[in-house]
Amino acid sequence: MNGLMMQQPLLISSLLVHAERHHGDQEIVSRRVEGDIHRCTYRDLASRSRRMAKAIAALGVKPGERVATLAWNGYRHMELYYAVSGSGGVLHTLNPRLHPDQVVYIADHAEDQVLFFDMTFLPLVEAVAGRVKTIKKFVAMTDRAHMPKESKIVGLLCFEDLVDANDDHFEWPTFDENQASSLCYTSGTTGNPKGVLYSHRSTLLHTFAIALPDALNVSARDTILPVVPMFHVNAWGLPYAACMMGAKLVFPGPGLDGKSLYELFETERVTVSAGVPTVWQGLLGYVEAGGLKFSTMRRTVIGGSACPPAMMTAFQQRYDVQVIHAWGMTEMSPVGTAAILKGKHLDLSPEERMAVQATQGRAVYGVDMKIVGEDGAALPWDGKVSGELLVRGPWIIQTYFKGEGGDPLVKDDQGRGWFPTGDVATIDPDGYMHITDRSKDVIKSGGEWIGSIDLENIAMAHPAVAMAACIAALHAKWDERPLLIVVKKHGAELTRDELIKFFEGRIAKWWTPDDVVFVDAIPLGATGKMLKNRLRDQYGKHLLAQG
Ligand code: ADP
C-alpha cells in the first residue's frame with residue numbers, strides 16, 4: 001500500500017522561491033572583480049535570476065544543455081546557479097586554474113553552449129574562444145561601463161544587458177527531480193578529467209544533509225563566507241544551503257589573500273567559513289603577523305585535503321574558532337563525513353577531543369561507508385585496520401558523464417554498487433573515519449604501508465614549517481621510503497637533522513622520513529591541493545641518488 005502524501009519533485013528552484021518568500025531581506029554581499037563591495041538581498045537574487053532565466057532561454061539554450069561559467073564567488077555567479085539549473089539547463093562550473101588545453105578539452109567534452117565569465121578571465125577566454133567547438137555565445141559578467149573596449153571575441157555579450165532586457169515575470173518550470181542540474185569535472189590528476197553530473201534530487205538531498213547541526217550546521221542566524229570556490233564542487237553545496245536556511249552570504253570574489261579575507265570577515269561579521277587548508281594558511285599567517293583576533297567567526301569547515309592538527313589547534317585554542325574537519329569528493333557532491341563530537345566526548349580532555357576532531361569524521365546520514373582489504377572483504381571498524389574506503393548513497397556518483405572510464409562501481413554480495421574512493425582509511429567503533437592516505441600516495445616500505453598524511457601532520461606541527469609534503473621515494477633496500485619536502489616559514493631557521501629529530505617519540509621509528517628537501521614552494525593543483533605526483537616525478541629518485 002502506498003502512502004497518501006503529495007508527490008512534489010525536489011527542484012533547485014524551490015530553494016530560491018523559499019529564500020525569497022521567507023528571507024527576502026537577507027543580505028548577499030560580494031567583493032566584485034571591479035574592486036568595490038556590492039550589496040543585494042535574496043529578493044534581488046530571485047528577481048534577477050528569473051530575468052536571467054529568460055535571457056538564457058532567449059540565447060537558445062534548451063533544457064538539458066550545458067551552460068558554462070568561469071567565475072569567482074559572487075552574486076552574478078549565484079544568479080547563474082539558479083537561473084540555469086532552475087530553468088532546466090545544466091550549470092557547468094569550469095575551473096579557471098586549469099591549463100587552457102584542459103579547459104578546451106572539458107568544454108568540448110561537456111558540449112557547453114554558452115560561456116559566462118568574470119573579466120579576470122578575459123585573457124583565458126580569448127585564448128580558448130577560437131578553439132572550443134560547441135560554445136556559440138560568450139557573456140562577460142559585468143555591466144556596460146566595464147565591458148572591454150575591444151576584444152578578440154566576436155559578438156561578446158554583457159551580463160547586465162541580458163538582465164536589463166528582461167522583466168522578472170517568469171514561473172520556474174516543474175520537471176522530474178532526476179533531471180541533471182549541474183556538472184563538475186574531477187581534476188584529472190590521473191588521466192583526462194571526468195564529468196560528474198548532479199541531479200536536482202541529489203543536490204537537494206545533499207543540501208538537507210549538510211545544513212544539519214552535525215554537519216556544516218547552517219542557520220538563518222549565520223553569515224557564511226565560502227572561500228571554497230563555486231567552481232570547486234559547487235562550493236561544497238553552500239550556495240544551496242544558504243538559500244535553504246536563509247543565511248547571510250558574503251562572497252570574496254578574487255580576494256583570497258589573508259588580508260582581503262580578514263577584512264571581509266570583520267566588516268561583514270562573518271560567523272562561518274569553509275575552505276581547503278592551504279587558504280587558511282594564508283589567513284592564519286596574516287592574523288598571526290598582525291596580532292589580530294576574529295571578533296565574530298565561530299566555526300570554519302576545513303576539507304579537500306587533511307587539516308593538519310597544528311592548524312586546528314591554532315584556530316580553536318588561539319582564536320576560539322571551532323574547526324569542522326570534513327571529507328568528501330567531487331563524486332560525492334561532495335560531503336561524506338564531518339568530525340563533530342558526540343555527547344560522550346564532551347567530558348574528554350582537550351587533547352582527547354582534538355584527536356576525535358582530527359579524524360575525517362563520521363558519515364552524515366545518507367552516506368554509507370565501509371573499508372575493504374585487497375580481496376574486497378569488509379574490514380572491522382576497530383580504528384586500527386586500514387583498507388580502501390568505499391561509499392554509497394543518493395548523492396554519490398553512479399557513473400561518469402558519457403560513461404567515461406566504464407562502470408566505476410564495485411558490487412557487493414547483494415549486488416549493490418559501491419564507489420571506491422581511492423582513499424585508504426580506518427574506521428573506529430564510533431564510526432569516525434580516519435584517512436591515512438590516498439591509495440596512489442601510500443608509501444610501501446618493505447611491503448608495509450606508511451601513511452604520508454600522518455608524517456605531514458607531524459612536520460606541520462614544527463613551528464618553523466609552513467608547508468610539508470611527504471612522498472614515496474624509491475629506495476634500494478626497502479623499495480620505497482618516506483621523503484619530506486618542506487617549505488620553511490618566512491625567516492625561520494631549520495635544518496634537516498632538527499626536523500628529523502622532531503619525529504622522535506611522535507611516530508614508530510621506522511616511519512621516520514629518510515631525508516628532508518627544503519624548497520621555496522610546493523606545487524598546488526587547481527583546487528589548492530599539493531601536487532604530489534609532480535613532487536614524485538621530481539624527487540622520487542632522491543634517495544637512490546644518495547646511494
Ligand atoms: P580531485 O582533487 O581528485 O579532483 P576532489 O576535489 O573531489 O578530487 O578530492 C577528493 C579527495 O580529496 C578525496 O578522495 C581525498 O583524498 C581528499 N580529501 C578531501 N577531503 C579530505 C580530508 N578532510 N582529509 C584528507 N583528504 C581529503
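The crossing of helices H1 and H2 is left-handed, a label used when the near helix is turned anticlockwise from the far one by less than a right angle. The model is predicted, so local features need pLDDT of at least 70 and side-chain atom pairs count only at pLDDT 80 or more, while totals for chains, interfaces and linings use all residues. Residues are numbered from 1 along each chain as its sequence is written, and side-chain values use heavy atoms, without hydrogens and water.

**Helix packing**

- H1 (residues 13-23) and H2 (residues 42-58) pack at an angle of about 140°, and their axes lie 8 Å apart.
- On the H1 side, the contact (heavy atoms within 4.5 Å) is made by Leu-16, Ala-19, Glu-20 and His-23.
- H2 contributes Tyr-42, Arg-43, Leu-45, Ala-46, Ser-49 and Arg-50 to this contact.

**Largest cavity**

- A cavity is a set of points on a 1 Å grid over the protein atoms alone where a 1.4 Å probe fits but cannot get out, and lining residues have an atom within 4 Å of a point.
- There are four cavities of 30 Å³ or more, and the largest has a volume of about 120 Å³.
- Of the 15 residues lining the largest cavity, Arg-32, Val-33, Gly-74, Arg-76 and Asp-118 are the closest to its centre.
- Strand S1 (27-31) and helix H3 (75-86) each give two or more residues to this lining, and H3 gives the most, with three.

**Second largest cavity**

- The second largest cavity holds about 60 Å³ of space.
- Its lining consists of Tyr-198, Thr-203, His-206, Val-233, Asn-234, Gly-237, Tyr-240 and Ser-333.

Methods: On a 1 Å grid over the protein atoms alone, a cavity is a set of points where a 1.4 Å probe fits but cannot get out, and a pocket is an open set with protein on both sides within 12 Å along at least five of seven lines; lining residues have an atom within 4 Å of a point. Grid points are joined across faces, edges and corners, and a volume is the space filled by probe spheres set on the points. Helices (H or I, at least four residues) and strands (E, at least two) are DSSP runs, numbered from the N terminus. Axes are lines fitted to C-alpha atoms, for helices over the stretch in contact, and angles run from 0 to 180 degrees between N-to-C directions.
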